[in-house]
Amino acid sequence: MFHQNRSPSLLSCLDPTTGRININKFMLHSRFISDDVQARTNAILAQSDCLSTDGYDNTEDPESVQSPQKKQRRRRGWTFDDIEECTAVSQEVHRVFFGKFIEFSSTVLYNKYVVYPKNFEEAKDHMKEFTVAGLPGALGSTDATHITTWQCEYNLRNNHLGGKSSSTTRSYNITVNHWRRILHSTRGGPGRWNDKTMVLFDTFVRGIRDGDHLNDVEFELFERRHGDIITIKYRGGYVIVDNGYLCWSATVPPYKVTNKLTEIRWSKWVESMRKDVECAFGILKGRWRILKTGVRVQGVESVDKVWLTCCALHNWLLEIDGLDAGWQSRILPLTSEWEGNLGEVDCEGLTQNVILLTTAGALQPRNYDTSGMGTGDDVNQTDEIHPADLDNKDVYDDDAIYGENIRQTSELGLGYFRSRLVEHFDILFKQNKIQWPARRGTQPNLIQT
């Protein structure tokens with residue numbers, strides 16, 4: 001970042017063939033309306049003898065000339081044109097560098113910093129917080145988000161329209177642990193795809209369901225049997241989701257409709273724990289405005305590279321800021337400046353140049369949430385049940401159906417497995433053994449019996 005007392009160079013506005021200032025480029029850089037361009041250009045040219053040989057003005061410029069240039073010194077929300085103005089390096093050079101950067105980051109960096117657990121030894125650190133919270137066996141929360149894609153190919157446009165946005169978007173399904181660390185992300189799909197479709201292309205979640213991943217994870221659930229409390233062992237992991245996903249035992253959602261107090265209490269707790277993935281979306285879009293305003297690079301493959309790059313940098317920054325360690329069930333002091341209200345991106349606090357439209361002469365501020373999606377609230381719009389998980393029994397004979405040996409979660413129906421989780425949580429709740437794992441803050445209120 002350049003010294004604040006220096007103004008950007010006029011060299012980026014000079015036409016190399018004529019040696020004169022390119023009026024159109026100067027108008028784009030300075031965001032002046034066309035009637036004032038010539039007058040302001042003459043004012044700057046009158047001070048051209050003050051320009052130093054390195055292309056920066058070391059004198060005090062008139063406020064009318066200096067202020068629009070100073071207002072562009074932002075770390076986020078810049079375009080290639082903004083960077084060219086402040087570095088005197090052409091847009092094409094920055095564009096080529098950006099392409100090589102996302103190509104490297106989406107492969108090398110992503111494979112280094114975004115690694116999902118494949119066995120118990122790798123997953124046990126991610127499961128600690130959920131075990132403390134009364135959800136043993138869970139290692140993260142999963143959800144999908146949409147990223148606006150402005151330069152979608154024409155032949156793919158129809159597939160990328162739909163859902164919550166009127167613009168073309170790409171969908172990404174990610175899984176995060178309680179520290180907001182991204183464990184896995186899909187490559188991206190058309191915006192028309194919902195959560196049910198995206199999870200079919202999620203190799204991590206599908207691997208849990210098929211028994212290819214976390215098959216050696218074992219945990220115990222309490223059950224009431226003839227007036228006594230016993231423990232039953234289960235093998236396999238799962239993630240918590242909203243009600244927009246398929247009815248798999250590997251993706252456990254809260255109850256949508258129930259009149260049982262135990263299920264209501266458990267659902268409220270799961271919904272609170274599932275906010276980890278929503279917070280991760282907010283952090284990603286708060287750190288990188290390109291995800292908030294939409295990706296303008298050409299082609300959906302480049303959009304996927306931008307998303308994977310942001311995921312890799314997110315995990316990298318968690319390690320740098322010391323936020324990738326396990327959380328405790330007590331209040332801890334802040335350890336990083338990134339622990340705040342990220343993702344709440346609006347025009348407040350932004351400089352005037354950042355909130356103006358990039359077209360010349362436009363003076364109306366833009367809403368940076370151009371996706372039009374808002375916060376969203378994914379729900380299951382249908383009563384679709386996956387045939388492999390059809391389970392409509394109301395009364396279970398546990399010994400007859402599953403026996404007393406270790407139960408494989410991938411072989412259980414969602415209805416049965418979720419009922420076991422509810423009973424386990426209710427037993428711990430009445431024993432006052434449920435804790436909320438948080439770095440700071442207080443435990444949320446639960447419904448008392």
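This is a predicted model: local features need pLDDT of at least 70, side-chain atom pairs count only at pLDDT 80 or more; totals for chains, interfaces and linings use all residues.
The secondary structure of the protein chain consists of 15 helices and nine strands. Of its 449 residues, 49% are buried, and the chain exposes about 22,400 Å², of which carbon and sulfur atoms supply 50%. When contacts between residues at least 6 apart in sequence are considered, 68% of them join residues at least 24 apart.

Strand β2, which spans residues 169-176, is largely enclosed by the rest of the structure, because eight of its eight residues are buried. Both of its faces are covered, with Thr169, Ser171, Asn173 and Thr175 buried on one side and Arg170, Tyr172, Ile174 and Val176 buried on the other. The strands β2 and β3 form a hairpin with five residues between them, and Arg180 in the turn has a positive phi of about 70 degrees.

A separate description applies to the open sheet of three strands, whose order is β5-β6-β9 and whose pairing is mixed. Its edge strands, β5 (218-225) and β9 (407-408), each pair on one side only. Strand β6 (residues 228-235) and β9 run parallel and are joined by two bridges, with Tyr234 placed opposite Arg407 of β9. Helix α15 lies across β5, β6 and β9, and runs at about 75 degrees to β5.

Helix α15 (residues 414-430) also packs with helix α9 (residues 261-273), at an angle of about 90 degrees and with the two axes 9 Å apart. Since angles of 65 to 115 degrees count as roughly perpendicular, α9 and α15 are therefore described as roughly perpendicular to each other. On the side of α9, the contact is made by Thr262, Glu263, Arg265, Trp266 and Trp269, whereas α15 contributes Arg418, Leu421, Val422, Phe425, Asp426 and Phe429. By residue class, the contact of α9 with α15 divides into six nonpolar, one polar and four charged residues.

In helix α4 (residues 80-87), Asp81, Asp82, Glu84, Glu85 and Cys86 are buried, and the helix is followed by Ala88, whose phi is positive, near 60 degrees. His94 lies in helix α5, which covers residues 91-113. With a relative accessible area of 17%, His94 is classed as buried, because the cut-off for that class is under 20%. When residues up to four places away in sequence are not counted, His94 touches Phe80, Ile83, Glu84, Thr87 and Val89; of these, Glu84 is one of the buried residues of α4.

Technical notes. Residues are numbered from 1 along each chain as its sequence is written. Side-chain values use heavy atoms; hydrogens and water are left out. Helices (H or I, at least four residues) and strands (E, at least two) are DSSP runs, numbered from the N terminus. Buried means under 20% relative accessible area, exposed over 50%, partly exposed in between (1.4 Å probe, protein chains only). Contact means heavy atoms within 4.5 Å. Accessible areas come from the Shrake-Rupley method with a 1.4 Å probe; for residues, only the protein chains shown count as cover. Axes are lines fitted to C-alpha atoms, for helices over the stretch in contact, and angles run from 0 to 180 degrees between N-to-C directions. Angles under 35 degrees count as roughly parallel, over 145 as roughly antiparallel, 65 to 115 as roughly perpendicular and the rest as oblique. Ala, Val, Leu, Ile, Met, Phe, Trp, Tyr, Cys and Pro count as nonpolar, Asp, Glu, Lys and Arg as charged, and the others, Gly among them, as polar. Two strands pair if DSSP finds at least two bridges between them.
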